[in-house]
Amino acid sequence: MTRTKHSGPIKLPKRPDPKLWVSKAPFGLGRIKPHHIRDTLKTVWTNRDNLPYAYRILTQGVCDGCALGVSGLYDRTLEGPHLCTTRLNVLRLNTMPAIQSSVLHDDIDELRKLDSSALRKLGRIPYPLIRGKGERSFRRLSWEEAMERIAAKARSIDPKQLAFYLTARGITNESYYVAAKAARLIGTNNIDNASRICHSPSKTALKRSIGVGASTCSYKDWIGTDVLVFWGSVAANNQPVSTKYMYAAKRQGTKIIVINPYREPAMEGYWIPSIPESALFGTKLADDFYQVNIGGDIAFMHGVMKHWFEMEEVRPGSAIDHAFVREHVNGYEELKAHAAKQSWELLERSSGLTQARMRAFAELLAAARSGVFVWSMGLTQHRFGTDNISQVANLALMRGFLGREHCGLMPIRGHSGVQGSGEMGADPFSLPGGEFKGADVKRIEREWGFKLPEWQGDIVGVSLENALLPARHERKLKLFYTSGGNFLETMPEPEFVKGCLEAVELRVHQDIILNSSTLLDAKEEVIVLPAMTRYEQPGGGTSTSTERMVYFSPAIDGPRIEEARAEWQIYADLAARVRPELREAIAFEDAAAVRREIARAAPYYDGIELLQNQGDVFQWGGAWLCEGGVCPTSDGRGQLIAVELPELRKPEGHFYATTRRGKQFNSMIYGERDAFNGAGRYDVLMNGEDAEGLRLAEGDAVIVYNRSGVFHGRVKVGEMAKGNIGVFWPEGNGLFAKGVYEPYAGIPEYNSPVVVERADTYHALKDTRYVEKRIDELESEPPA
């Protein structure tokens, strides 16, 4: 396969373009928008006790926020400095001092009065802590005692009763790799990570469609492509630096299309602080919005393909790239027959869009010579997430948008550490450079020098549920070891999750800060271990961006939490204690030694061992995967997949609910008011006609409920697709059912049918029979 190299950063145009301005009023005066100057000054004030160190982190380290891959203030896409509020918000995690001991060792109920935002502001975890069953406060213990207690517990149980989890909190490839190796050395395959909870359907679908599970293109391909489509992704909100790439794309004539139930203000127009004309007058980003129903994307894409096949009947070659399909794609006739069976009536009802709107998008793509499709959790976090992504791949394959400049499929990552997690083997289905099956298992056993567990590990949601199994069950979770993460604020049905966490005998929280889950009881004890940030790790660390760029982030001089340790070192230490006879297999002299082993274990990471200085970077796989249309599949061809329409049960007058992010990083909330639409954290985003139909006005108190839970909120009228509502994540997680996982990739579902009622009506009629009848309607109606 040809490997064209990334051609490096390009220049922005110098002359302004008033046609792209949002408003002639400077700095968006009078509009609801982010206040970048104010937020930057706030960051300076927040970090005032450590400003020199904060400056060095920003100018020398690789961003620990989103996965766009800014190294220092620069990246490989555009010339010039880049800085965003997401990175500035996360900065304080790296510069704050230790928690005061008087607070840290206070009565546990006093700490529990604080939410996770307040707990975060207390400071860094200074040393190992323990709190036994019935104890009212944390007490200090030595690293030696902490590690021996954890190791002793691990030795005393079946490895199937132990599970590891790693979040996206600035974790490096080195830590993911050593954790993956340590788990298997200890004997468990129960290891999971935040990336899989967000993007496992992307990896699964892309593997079956084109043979690779990563972005096939680079951010640079956005700039100059004919059409750039954002599917269930609000990049301007979650990856703010991306707006600079969108600006550059607009200047080269790219059309930007957003497909989302909510007409996101952040994607309509954005004030980009590092571009003078945009900082003053804003930049129009999206050229059009297609407001599909929640879960209606598969139907919408069927409609697009159905139009294409009808266009082909009239004029062959007007919609399908037949040369590309003939040379590089299987399954064309089967998909054509499948699309022909779909009725327009059903497609319109399921997608929420008219046949005419589907034709408009079909014609737009048919006329485009190039296209990049970007998506995120709006497509993945469904019980049919893998099929959603397969449909996107179908569109790209039929148009030949693969393996060449300005074309590609991109599951955009929201955190800087997550792309490398599965590639390092830190999930139950993966090993470094491959999968947990067949030849890859034998290859890794030869490299690591020990036999891997032969049984299939559980995804983290199932591991947590296993804490409630009978005491003698071989998979009852007895030791849960989590590096970061807060399942009380990230998983559906938080009260159920609370019960699971408290049913674990020993829970280990390896982290830099406290959160609400750290304070929960355990059957025996909770141990808290202080971790280093990526900027503190001796020998530095690496992270992999969405576009497969592997960046080196050096250790940065500055203050240290004296007893904090590098995460990869903690995992290696634990494994050596649990299996002392295999100590040498997990002994790494330094971070460079870890990277040398990664290069051997994951062949496409060959080159990571050479990264050692600030600014060092390489891109695995080259500028484009599947270059020239040749896929790494058994026959070198992509596979079109006939996807069935999902059942969407939503009775007339009821709603489908989804979640939205705003003013936050993952579950860490940085503001009570959304910077783009002015909504509060407990506002319910509704279509104006829907609100009027329920006799609701802006600000009215409402109850949103279903069998899973009850959400108390207020109406926020906005441009939401009719019949759909949006609630903020994680506040709305109680509405989503536990144990509902996507069958191919195991991702939890964060969408659900709900009832929306005026609060006074709900309380006036709140009787068991009434509520149960309303909920039963959600379960018994025929599929949409």
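Trainee: Which residues point one way from S17, and which the other way?

Mentor: In a regular strand the side chains alternate between the two faces of the sheet. In this predicted model, Glu525, Ile527 and Leu529 point one way from S17. Val526, Val528 and Pro530 point the other way. All of them are buried (under 20% relative accessible area; exposed is over 50%, partly exposed in between; 1.4 Å probe, protein chains only). Strand S17 spans residues 525-530 and is mostly covered, with six of its six residues buried. Strands (E, at least two residues) and helices (H or I, at least four) are DSSP runs, numbered from the N terminus.

Trainee: What are the ground rules for these values?

Mentor: Local features need pLDDT of at least 70, side-chain atom pairs count only at pLDDT 80 or more, and totals for chains, interfaces and linings use all residues. Residues are numbered from 1 along each chain as its sequence is written, and side-chain values use heavy atoms, leaving out hydrogens and water.

Trainee: In which sense do strand S16 and S17 pair, parallel or antiparallel?

Mentor: Strands of a sheet pair through backbone hydrogen bonds, either parallel or antiparallel. A pair here needs at least two bridges found by DSSP. S16 (residues 506-511) and S17 are parallel, over six bridges. Leucine 506 faces glutamate 525 of S17. Strand S1 (residues 129-132) is joined to S17 by four bridges, and those two run antiparallel. There, arginine 131 has valine 526 of S17 as its bridge partner.

Trainee: What is the order of the seven strands in the open sheet?

Mentor: Read S2-S1-S17-S16-S15-S3-S4, with mixed pairing. Strand S2 (139-140) and strand S4 (191-193) are at the edges; each has a single partner strand, so one side of each has no neighbour in the sheet. Further in, strand S15 (residues 479-483) pairs with S16 in the parallel sense over five bridges.

Trainee: What is the strand order in the open sheet of three strands?

Mentor: The order is S18-S19-S20, with antiparallel pairing. Strand S18 (541-544) and strand S20 (617-619) are the edge strands, each pairing on one side only. Neighbouring strands are turned by 20° against each other on average, direction ignored. S18 is joined to strand S19 (residues 549-553) by four bridges. Serine 543 is opposite tyrosine 551 in S19. Helix H8 (residues 173-186) lies across S18 and S19, at about 90° to S18.

Trainee: How many cavities of 30 Å³ or more does the search find?

Mentor: Nine, over the whole structure. A cavity is a set of points on a 1 Å grid, over the protein atoms alone, where a 1.4 Å probe fits but cannot get out; a pocket is an open set with protein on both sides within 12 Å along at least five of seven lines; lining residues have an atom within 4 Å of a point. Points join across faces, edges and corners, and the volume is the space filled by probe spheres set on them. The largest cavity holds about 810 Å³. Its lining has 50 residues, with Asn238, Met377, Gly378, Gln381 and Arg661 closest to the centre. H9 gives the largest share, four residues.

Trainee: By class, what lines the largest cavity?

Mentor: There are 21 nonpolar, 24 polar and five charged residues. Ala, Val, Leu, Ile, Met, Phe, Trp, Tyr, Cys and Pro count as nonpolar, Asp, Glu, Lys and Arg as charged, and the others, Gly among them, as polar.

Trainee: What is the volume of the largest pocket?

Mentor: About 870 Å³. It has 38 lining residues, and Lys203, Lys207, Gly213, Gly434 and Glu435 lie nearest its centre. H9 gives the most to this lining, seven residues. The lining counts 13 nonpolar, 15 polar and 10 charged residues.

Trainee: Which residues lie nearest the centre of the second largest pocket?

Mentor: Asp115, Leu488, Glu489, Tyr682 and Pro730, out of 28 lining residues. The volume of this second largest pocket is about 720 Å³. H24 supplies the largest share of its lining, four residues. By class, the lining has 11 nonpolar, seven polar and 10 charged residues.

Notes. Axes fitted to C-alpha atoms, helices over the stretch in contact; angles between N-to-C directions. Contact = heavy atoms within 4.5 Å.
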